[in-house]
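Work through the exercises below with the structure in view. Each task is followed by a solution in steps.

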Amino acid sequence: MLARQPQADKRSCPQRSSTSVPPVQISKSIHDELLVHAREEAPNECCGLIGGADGVARTVYRARNAEASPLRYNLDPQDQFRIMTEMEERGEELSAIYHSHTASPAYPSQTDINLAAYPDALYLIVSLADGERPLRGRPRRRLRAGATG
Ligand SMILES: [Zn+2]
């Protein structure tokens, strides 16, 4: 799994704007939860939200993919509303929005970029295309997602 910002191409500018996405720490257990969700939903893409606090991801909230498609996702609006309410009740903030790629690498598609409605949120992609090693080349225990774009 690679964490990528939709606007990664603009990061050649060294200035940090106030809207830049802060790094979010994703633990191994959170990562495993995402992977399980991706596998259960395959061949369709799964999607959901991650709530957290102080830059640490805490809770995975599964959402329905309204598209029910292997090629794209669309967070069910009712699920999204329910989850955002639940997050607020728990004192969490929206740390990340995730979805899976079942047959392609963990790079955002043009559709993903176009659909990235929350500029301040981190967009995570869980790829099943790398088999059992979606974290290849990254520390397995802790990802510092979003730090490298
Ligand atoms: Zn995608």
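**Exercise 1. Describe the order of helices and strands along the sequence.**

Solution. The model is a predicted one. Reading along the sequence gives the pattern β-β-α-β-β-α-β-α-β-β. In total, the protein has three helices and seven strands.

**Exercise 2. Find the largest nonpolar core and the elements that supply it.**

Solution. The largest nonpolar core contains 27 residues. Within this core, the residues with the most contacts are Ile50, Ala96, Tyr98, Tyr123, Leu124 and Val126. Next, assign the core to elements: at least two residues each come from strand 2 (24-27), helix 1 (28-41), strand 3 (47-53), strand 4 (56-63), helix 2 (77-89), strand 5 (93-101) and strand 6 (122-127). Strand 6 gives the most, with five residues.

Neighbours within four places in sequence are left aside, and alanine 96 is then in contact with Val24, Ile50, Ala57, Ala121, Leu122, Tyr123 and Leu124.

**Exercise 3. Compare the span of helix 1 with its expected value, and decide how its buried residues are arranged around the axis.**

Solution. Helix 1 has 14 residues. From its first C-alpha to its last, helix 1 reaches 20 Å, close to the 20 Å expected at 1.5 Å a residue. The buried residues of helix 1 are Ile30, His31, Leu34, His37, Ala38 and Glu41. Seen down the axis, these buried residues fall within an arc of 120°, so they line one face of helix 1. Ser29, Asp32 and Glu40, on the other side of helix 1, are exposed.

**Exercise 4. Is arginine 72 buried, partly exposed or exposed, and what is it in contact with?**

Solution. First locate the residue: arginine 72 lies in the loop between strand 4 and helix 2. Count the other C-beta atoms within 10 Å of its own; there are 16. A buried residue needs 20 or more and an exposed one has 12 or fewer, so arginine 72, with 16, is partly exposed. Apart from neighbours within four places in sequence, arginine 72 is in contact with Glu45, Glu67 and Thr111. Finally, take serine 109, which is 37 residues from arginine 72 along the chain. The C-alpha atoms of arginine 72 and serine 109 are separated by 9.2 Å.

Definitions and conventions: Residues numbered from 1 in each chain as written. Predicted model: local features only at pLDDT ≥ 70, side-chain atom pairs only at ≥ 80, totals over all residues. Helix = DSSP H or I, 4+ residues; strand = E, 2+ residues; numbered from the N terminus. Core = buried A, V, L, I, M, F, W, Y, C linked by C-beta atoms within 7 Å. Contact = placed C-beta atoms within 7 Å. Expected span 1.5 Å × (residues − 1). Arc of directions from axis to C-beta.
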